[in-house]
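Hi,

Here is the structure I promised to pass on to you.

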Amino acid sequence: MVKTEQTAAAVCASAPLSESNWLEFSTLSGIQGLLAGVDEVGRGSLFGPVVAAAVILPDHALPELMAAGIKDSKKLSSSRRTELAQQICGLAIDWKIGFASTAEIDQMNILQATLLAMKRAVLKLKVQPVLCLIDGNQSVKNLLIPQQTIVKGDERSLTIASASIVAKVWRDDLVLRLAAKYPMYDLARNKGYGSQRHLLALQQYGSSPLHRKSFRPCQIKILSN
């Protein structure tokens, strides 16, 4: 781990303070072994699955991604997210996607479905990390690999931010493919979230088979003509 600590020190010495506050260069720099960042997207969406990504990055990828301006996926443009996702997947030692379906969301609630998606992403990894960094404050149940929850992890950990970007791009691509089947909901623009046009379409047409029936906006009765 000496190499990691030297790399971290070199980057932190030359980077502005705001860029050197990533946990991999401070709190987590002494951990022996590979870390997996885990994050989810689509938790607040009305349509489609909740999606999680687990990403394991090599030491040399961290300064590269920091130099590329990596940040929380919600703070990036769509085109920049796509570019960074390609870079992340190219650099990653391993990365995997896990998701929970709309039926599972309705059956077990969105929180439990989110944790299930995270668990599925981690279990798909072919390379086992020594520690999973989980975005948020909820631990993943029955995960045999050690884990650490990090509130606002996508703003504090490069590895979690990478997982956030990969999951967001993967889910957006999925929703875009489904948008052609359900054009009335304007999914290509809202990605399944509750925009005004989406909510009006739910009132006019009702929910589709891929809407989350346990979410109140999807329970709206169709307006009569």
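Below is what turned up when I went through it.

One thing to keep in mind from the start: this is a predicted model.

**The overall build**

The protein chain has nine helices and five strands. If you walk along from the N terminus, the order is α-β-β-α-α-β-α-α-β-β-α-α-α-α. There are 225 residues in the chain, and 49% of them are buried. Now take the contacts with a separation of 6 or more: 65% of these are between residues 24 or more positions apart.

**The largest pocket**

How much space lies in the largest pocket? It's about 180 Å³. Two elements give two or more residues to its lining, namely β1 (35-41) and α7 (158-179). Of these, β1 supplies the largest share, with three residues. The lining has 13 residues in total, and E40, V41, G42, S73 and K74 are the ones nearest the centre of the pocket. Sorted by type, the lining splits into eight charged, three polar and two nonpolar residues.

**Cysteines**

In case you're new to the term, a disulfide is a covalent bond between the sulfur atoms of two cysteines. How many disulfides does a search of the whole structure find? The count is zero. Two cysteines to click on are C89 and C132: C89 is partly exposed because its relative accessibility is 24%, which lies between the 20% and 50% cut-offs, while C132 is buried, with a relative accessible area of 0%.

Start with S162, which sits in helix α7. Is S162 buried or exposed? Its relative accessibility is 0%, so S162 counts as buried. Setting aside neighbours within four places in sequence, S162 is in contact with V55, L57, L65, I70 and I88.

Next is V130, in the loop between α5 (110-124) and β4 (131-135). With 36% relative accessibility, V130 counts as partly exposed. Which residues does V130 touch, leaving aside its neighbours within four places in sequence? They are I31, Q32, G33, L34, I145 and P146.

K75 counts as exposed, at 53% relative accessibility. From K75 to E155 you have 80 residues in sequence, but 9.9 Å in space from C-alpha to C-alpha.

**Two backbone angles**

K152 isn't a glycine, and its phi is positive, near 55 degrees. You'll find K152 in the loop between β5 (147-150) and α6 (153-156), where it is exposed, with a relative accessible area of 54%. D186 isn't a glycine either, and its phi is positive too, at about 60 degrees. D186 belongs to the loop between α7 and α8 (187-190). Why does D186 count as buried? Its relative accessibility is 14%, and buried means under 20%, so D186 falls in that group.

Cheers

Terms used. Residues are numbered from 1 along each chain as its sequence is written. This is a predicted model: local features need pLDDT of at least 70, side-chain atom pairs count only at pLDDT 80 or more; totals for chains, interfaces and linings use all residues. Side-chain values use heavy atoms; hydrogens and water are left out. On a 1 Å grid over the protein atoms alone, a cavity is a set of points where a 1.4 Å probe fits but cannot get out, and a pocket is an open set with protein on both sides within 12 Å along at least five of seven lines; lining residues have an atom within 4 Å of a point. Grid points are joined across faces, edges and corners, and a volume is the space filled by probe spheres set on the points. Helices (H or I, at least four residues) and strands (E, at least two) are DSSP runs, numbered from the N terminus. Ala, Val, Leu, Ile, Met, Phe, Trp, Tyr, Cys and Pro count as nonpolar, Asp, Glu, Lys and Arg as charged, and the others, Gly among them, as polar. Buried means under 20% relative accessible area, exposed over 50%, partly exposed in between (1.4 Å probe, protein chains only). Contact means heavy atoms within 4.5 Å. A disulfide is a pair of cysteine sulfur atoms within 2.5 Å.
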